[in-house]
Amino acid sequence: MAQNKPTAAQLIGAVKAFLEHEIKPDLKGNKAFNLMVALKSLDIVQRELELVPAFAAAERGRLVAILGHDGSLDDLNAEFARRLRDRELGIDDPGVAQHLRATTLEKLAIDQPQYSGYAQALARDTQ
Amino acid sequence: MVAHPSSTGQVETALTAVVRKALPGAHGIAGLARLSGGGTQENWAFDGVGADGPLPLILRRAPANLQCAAWTISVPMATEAELIRRASAAGVPSPLVRYVLRPSDGLGAGYLMERVAGETFPRRILRDAEYAGARAAMTAQCGRILAAIQRVDTRGIADLPVLPAAALVAKFRGIYNDFHEPHPVFDAAIRWLEDHLPPPAQPVLVHGDYRNGNFIVGPDGIRAVIDWEFSHIGDPMEDLGWLCINVWRFDSPLPVGGFGDREAVYAAYEEAGGAPVDRNHVRFWEVFACLKYGLICKLFVARHESGSDAAIELAYVGRRTCESEIDILNLLT
């Protein structure tokens with residue numbers, strides 16, 4: 001379906017601006033804290049809308065290479081986790097550690113790009 | 001009687017009756033306010049009012065809705081209160097517990113303790129000039145206090161689980177499996193932990209959440225250790241691992257809570273009578289701590305999804321799980 005404008009990302013931007021400028025100044029204490037969490041949650045949704053298509057394709061491509069067959073991302077990821085759990089795959093096997101790191105960095109780019117461990121990992125992986 | 005009052009007005013009414021009964025000389029309360037944060041439990045600050053002037057107090061209680069099926073990691077409030085009393089007797093800086101709630105009090109499960117003045121917000125402790133002296137003192141204090149925790153006499157305390165390394169890994173593997181949501185990093189971590197279990201050690205009291213954020217800090221350093229809800233009997237190295245993981249450094253490069261060096265805390269702990277520190281075992285417990293942090297994030301989401309607690313923070317925290325995943329990978333790859 002081709003939805004019309006505003007895009008989902010634009011709607012979230014409008015909601016964020018409303019909360020930030022018209023609601024936040026009136027709040028104190030626990031409610032102000034919860035509003036900050038709400039705004040951070042909307043930031044995640046905005047980044048997810050923008051970044052997930054490319055990240056999901058890359059993640060699926062890596063899983064196909066490791067597992068040696070095609071499938072949906074959900075199915076491949078469930079199989080990958082099961083094979084790690086059942087010791088059919090290990091972190092030292094070809095591509096496994098690299099895939100785990102790449103996928104986790106992609107999650108962080110959406111969920112917690114400010115996290116110090118993300119910067120540490122990026123610095124290492126781009127050396 | 002309201003079974004579990006939740007509004008400030010309801011809590012105030014029930015709490016006033018408790019204070020009149022339990023605290024000699026107090027005839028009322030003032031300034032009741034729920035504190036933000038606190039994770040799983042509710043903390044309320046207030047003053048007891050009496051002829052001797054205001055008495056700063058905290059009501060700590062379990063929310064009515066903590067009993068979401070997945071939440072199996074907290075000791076009961078009465079156990080926590082007894083642990084604080086025993087820890088204080090063993091020399092652990094602790095608030096004074098004044099009263100443990102009874103069902104007839106109508107406030108749920110919890111206790112009243114004296115409010116220790118100081119700061120708990122980690123970034124302020126790491127940043128503000130007034131805590132410069134505290135930062136210099138806290139590493140050695142962490143080591144000495146941990147040795148004192150491990151001397152606490154826990155005999156006869158009800159509902160304090162015994163969880164040596166193998167049992168603890170199995171417990172969190174079960175928590176992870178019950179989510180039925182793949183996190184391949186967790187599968188790799190659990191397997192690594194199972195392959196690197198430390199040998200059984202002399203069991204001691206483990207605080208379970210021993211880290212920057214659960215220390216009440218004054219300019220002089222640590223004034224009290226709080227939040228004993230994840231405590232259990234277990235391995236003496238476990239709290240050292242939790243203390244040092246990256247999430248509790250709050251962007252500082254210093255591994256001990258963002259304020260200290262590993263070798264300094266190990267030395268203070270050993271000098272105060274702690275067990276010999278095995279660096280490999282601490283590393284095991286750091287990997288475990290990262291896994292535990294990530295799964296606690298998931299448990300918050302489970303509470304949110306169960307409908308038992310609508311707080312937005314519980315949902316948001318689920319998107320912090322990736323912090324534990326990258327910390328695990330930074331340790332293992």
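How many helices and strands are there in chain A?

## Elements of chain A

Chain A has 5 helices and 0 strands. Read from the N terminus on, its elements run α-α-α-α-α. Keep in mind that this is a predicted model.

Start with the radius of gyration. For chain A, the value is 19 Å. A compact globule of 127 residues would have a value near 14 Å. Next comes the box. Taken along the principal axes, the C-alpha atoms of chain A fill roughly 55 × 40 × 30 Å.

Now look inside. Chain A has 127 residues, and 16% of them are buried. A residue counts as buried here if 20 or more other C-beta atoms lie within 10 Å of its own.

Contacts along the sequence come next. Take the contacts in chain A between residues at least 6 apart in sequence. Of these, 44% join residues at least 24 apart.

## Domains of chain B

Turn to chain B. Its domain assignment gives domain 1, residues 8-114, and domain 2, residues 122-332. The centres of domain 1 and domain 2 of chain B, taken over C-alpha atoms, are 24 Å apart.

## Where the domains of chain B touch

Which residues of chain B meet across the two domains? On one side are 24 residues of domain 1 of chain B. They are in contact with 27 residues of domain 2 of chain B. What classes of residue make up the domain 1 side? The side of domain 1 of chain B that touches domain 2 of chain B has 14 nonpolar residues, 7 polar residues and 3 charged residues.

Methods: Residues numbered from 1 in each chain as written. Chains lettered and ligands numbered in written order. Predicted model: local features only at pLDDT ≥ 70, side-chain atom pairs only at ≥ 80, totals over all residues. Domains from an automatic or database assignment. Contact = placed C-beta atoms within 7 Å. Nonpolar A, V, L, I, M, F, W, Y, C, P; charged D, E, K, R; others polar. Helix = DSSP H or I, 4+ residues; strand = E, 2+ residues; numbered from the N terminus. Rg over C-alpha atoms; globule rule 2.2 N^0.38 Å. Buried ≥ 20, exposed ≤ 12 C-beta atoms within 10 Å, placed from the backbone.
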